[in-house]
Amino acid sequence: MNSPATSDALKPEEVQSEAMEHEENQPETDQTEGPRYEEDFMSGPVQTSSAEHEQTADHDVKIETRDLNVFYDSFHAIKSVDMEIRNQEITALIGPSGCGKSTLLRCLNRMNDEIPGARVEGEVLIDGKSIYSNETDLVSLRRRVGQVFQQPNPFPMSIYDNVAYGPRLQRRLSRDEADEIVERSLRGAALWDEVKDDLRKSALDLSGGQQQRLCIARCLAVEPEVLLMDEPCSALDPSATFRIEELMLELKERYAIVIVTHNMYQASRVSDRTGFFLLGELVEFDMTTRIFEDPQDDRTDAYIRGRFG
Amino acid sequence: MLNKVVGRTWEWVIERLIQIAGILGIILVILIFYFLLSNSLPMFAERTVGELLTGTRWSPTHAEGHFGMLPLILGSLYVTVGALVLSVPLGLAVAIFIAELAPPKLREFLKPAVELLAAIPSVVFGFLGMMVVGPWFQRNFEAIPIGQFAALGSLMLCFMALPTIVSICEDAFHSVPREVFNSSLALGATRWQTITRALIPAARSGIIAACLLGLGRAIGETMTVLMVTGNAQVMPEGLKGFIRPVRTMTATIAAEMGEAAYGSTHFHSLFTIGLLLFTITFIVNTFADVIIRRSEKDIA
């Protein structure tokens, strides 16, 4: 599981290997020469793959946290976290339950504001601007930073109305505008072909995996810049999980994605960078390949080898 | 061994007792219906259903006997519709406040406080309306000639239906998954937008059921309306009817039963009103039940 290349060869399961291919192909999109692709695909040594990740690691920083601390009443949930989240990358946050990774996620769109007793100290900068200043407009912040929750939770209304919900909060949409947004968002979430004839049906009649993709479409409809995903697959079966992972790899071309996951395979399959949290502390934050192949901290090593959590 | 036998017998007895209690409930409803029906039947021999329902004059002690129930039906309709118009928006607002806006400590105090309203006997509301609220309206509004009128009944009923509506609406809001609320906020909705566009639609079945149960309470209420609506069996006219005395179906039964000779046409006519009331509340409650069931399915 540690190296994409070897696992490709060892694991026959289609789901696994296809997801791997995606990850491996990702760096290629930044390159122009064809031959390079073939050569890499054939040999696929660990070093090359990891080295390439390093080379492509120059995407712009989208979000930066500086000495971020979060308290729930007196409980210190996040301890002095500094991290950078980049455009066109998937950043995975892993760690045992209660380690603060979801809390960190909620800091990025200020959903912690909704939790009584939660207090945030330090800075979160998006495009260099603090989102915890007095001038921050919560509504526009949350439109820029979309969130997909753990449980698929479409609103109890039609598929169409679910997707149009966000844009309609801002202004009245004409029929055509709404149609266009709904189609574009559903296509973006790889759901259009499955539901295009049933747009008026209740969203609750969809399967769990479809519901989750609908929730992603609902986020895309407000044209965010960042997507936060809080264990988006934990309520889904493996094939639905695979669809979502595939989708994430498509979406990262246009968005900065942060995913919280309990599933280390998922982190290694889809993410570019991984942060390991333990007891509110960001223990290690590095390229995903490095975290899974050569962690610098003993605690990280122990966790990814399944010794605790 | 003996212990086992005794235990098993005891189990059997308990099961049967519970079964009997359940069946008894159903039998009682059927018996009440039968009682109403059998006492109403002689009335149908004297007047047709059409005459009863559309006749505009209720004067059972008149020599010719007028049994037109329309003034009474309209009286009930005026008072009930008025009560709903007042109590639904108010109840919804209180429920939203309790469920979403009130600080936790206030919430813990408010919900039992509202539910306590249900414990006030209806005669107390009637007394209050008759002695305090009615005369106040009469003094302050020239358009209201008498301190007992349809809308006063509505107002009093509004307070009485409020606990039902608030309690069920609040439960409906609570059963909406928290993540639905948070998703809406995360999409950039304000709190108010979230309440009106996501929460209320998500809880709509519960809200409708609450209104129907409130309606059932309002339409069947007797003592309060008898005391505050003026007891005039006249046809209410237009919107003005709200500020004029009326007589509801329930008040008619309560007021006249004591003076109707046993077995007389008058006596039977009152049972016919009862039968009509039973039918209306039965339909309303069944409707509410179906909707509550549907909302439970939605959430599952």
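Leu212(B) counts as buried, because 24 C-beta neighbours sit inside 10 Å of this residue and 20 or more are enough for that label. The model here is a predicted one. Leu212(B) belongs to helix H9 of chain B, which covers residues 204-220. Setting aside the neighbours within four places in sequence, the contacts of Leu212(B) are Val284(B), Phe287(B), Ala288(B) and Ile291(B). Tyr262(B) is another story: this residue is 50 residues away from Leu212(B) along the chain, and the two C-alpha atoms are separated by 35 Å.

Chain B also meets chain A. On the chain B side 16 residues take part, and they are in contact with 21 residues of chain A. Two helices of chain B, H7 (178-186) and H8 (191-202), each supply at least two residues of the side that touches chain A. The largest share comes from H7(B), with 6 residues. Sorted by class, this side of chain B has 9 nonpolar residues, along with 5 polar and 2 charged ones.

Turning to chain A, the secondary structure comes to 14 helices and 10 strands. Chain A has 309 residues, and 44% of them count as buried. As for how the chain folds back on itself, take the contacts in chain A with a separation of 6 or more: 69% of these are between residues 24 or more positions apart.

One piece of chain A worth a look is a pair of strands. Strand E1 (residues 61-72) and strand E2 (residues 75-86) of chain A run antiparallel and are joined by 8 bridges. Within this pairing, Glu64(A) stands opposite Glu84(A), the latter being in E2(A). The two strands form a hairpin, with 2 residues between E1(A) and E2(A). Asp73(A) is in that turn and has a positive phi of about 50 degrees.

Another piece is helix H7 of chain A, made up of residues 159-170. Quite a run of its residues is buried: Ile159(A) and Asp161(A), then Asn162(A), Val163(A), Ala164(A), Tyr165(A), Gly166(A) and Pro167(A).

Definitions and conventions: Residues are numbered from 1 along each chain as its sequence is written. Chains are lettered from A and ligands numbered from 1 in the order in which they are written. This is a predicted model: local features need pLDDT of at least 70, side-chain atom pairs count only at pLDDT 80 or more; totals for chains, interfaces and linings use all residues. Helices (H or I, at least four residues) and strands (E, at least two) are DSSP runs, numbered from the N terminus. A residue is buried if 20 or more other C-beta atoms lie within 10 Å of its own, exposed if 12 or fewer, and partly exposed in between; C-beta atoms are placed from the backbone. Two residues are in contact if their C-beta atoms, placed from the backbone, lie within 7 Å. Ala, Val, Leu, Ile, Met, Phe, Trp, Tyr, Cys and Pro count as nonpolar, Asp, Glu, Lys and Arg as charged, and the others, Gly among them, as polar. Two strands pair if DSSP finds at least two bridges between them.
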